[in-house]
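Here are a few friendly notes to read alongside the model. Keep the 3D view open and find each residue as you go.

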Amino acid sequence: MYNLVYKSIANTLTLAQVNEILAVSRDFNARHDITGCHIYHQGFFIQYLEGEAEVVLALFEKIKLDKRHRAVNLLSKGNIYSREFNTWSMAYLSNQLPNEAFRYIEQLVDSGTEPVGKSILPNPTSKRFWLAAKALLHKIGHENFN
Ligand SMILES: Cc1cc2nc3c(=O)[nH]c(=O)nc-3n(C[C@H](O)[C@H](O)[C@H](O)COP(=O)(O)O)c2cc1C
């Protein structure tokens, strides 16, 4: 099992376009045994992908070429013992979340804007970050379980 985290800058997108990315992701990922979490916040995407290494890396190559975002920056990759998002083909967190639920993840996302290794943990390369994201998803409810 393998995981990969990247950050990118979203090109100008409507909500419908963001939803389209999510719908395509969920369909493809479900069929290729990929799970993960996608964060869209203040014009940034942060995505955590997990699955078989070749499948995840091949998908990342495709994502990098996508014209709907730019400055795709790989934050971390490597082998993992088990999945974090085994029930989600692509969980989703965005600005649409209630403020109170979003504040914590927002703080973590902001700390991730510094170069890897120089920023204070937790940032999107850390397990703690994604555990917080997962905790938020549980708190928000079942419509995000996908
Ligand atoms: C930020 C971002 C994240 C994406 N994440 C995924 C993903 O997890 N799974 C996926 O299949 N496509 C994802 N896509 C879409 C792919 O880039 C691509 O459009 C899609 O796989 C369809 O490609 P195809 O038409 O060549 O089959 C993402 C796109 C963007 C911009």
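**Notes on the pockets and the ligand**

1. Let's begin with the second largest pocket, which holds about 200 Å³ of space. Please remember throughout that this is a predicted model. Strand S1 (2–10) and helix H4 (127–140) are the elements that each give two or more residues to the lining of this second largest pocket.

2. Thirteen is the number to look for when you trace that lining: the second largest pocket has 13 lining residues, with Asn3, Tyr48, Ile80, Glu84 and Lys127 nearest its centre. By class, they divide into 6 nonpolar, 5 polar and 2 charged.

3. Now turn to the largest pocket, with about 300 Å³ of space. The ligand takes up this space. Of the 15 residues that line the largest pocket, Ile21, Ser25, Ile63, Asp66 and Arg68 lie nearest its centre. Helix H1 provides the largest share of the lining, 5 residues.

4. Which residues come nearest to the ligand? They are Ser25, Asn29, Gln47, Lys62 and Asp66, out of 17 around it. Helix H1 (15–31), strand S3 (44–51) and helix H2 (53–64) each supply at least two residues of this shell, and H1 gives the most, with 5. The shell has 9 nonpolar, 5 polar and 3 charged residues.

5. The side chain of Ser25 has an N or O atom 3.4 Å from a ligand nitrogen. For Lys62, a side-chain N or O atom is 3.3 Å from a ligand oxygen, and a polar side-chain atom of Arg68 lies 3.0 Å from an oxygen of the ligand. The protein covers 77% of the 620 Å² of accessible area that the ligand has on its own.

Note on methods. Residues numbered from 1 in each chain as written. Predicted model: local features only at pLDDT ≥ 70, side-chain atom pairs only at ≥ 80, totals over all residues. Heavy atoms only, no water. Near = heavy atom within 4 Å. Polar contact = N/O pair within 3.5 Å; in protein donor to acceptor, adjacent residues only side chain to side chain. Areas by Shrake-Rupley, 256 points an atom, 1.4 Å probe, with all protein chains shown as cover. 1 Å grid on protein atoms, 1.4 Å probe; cavity = no way out; pocket = protein on both sides within 12 Å on 5 of 7 lines; lining within 4 Å. Sits in = over half its atoms within 2 Å of the grid points. Helix = DSSP H or I, 4+ residues; strand = E, 2+ residues; numbered from the N terminus. Nonpolar A, V, L, I, M, F, W, Y, C, P; charged D, E, K, R; others polar. Points joined across faces, edges and corners; volume = space filled by probe spheres on them.
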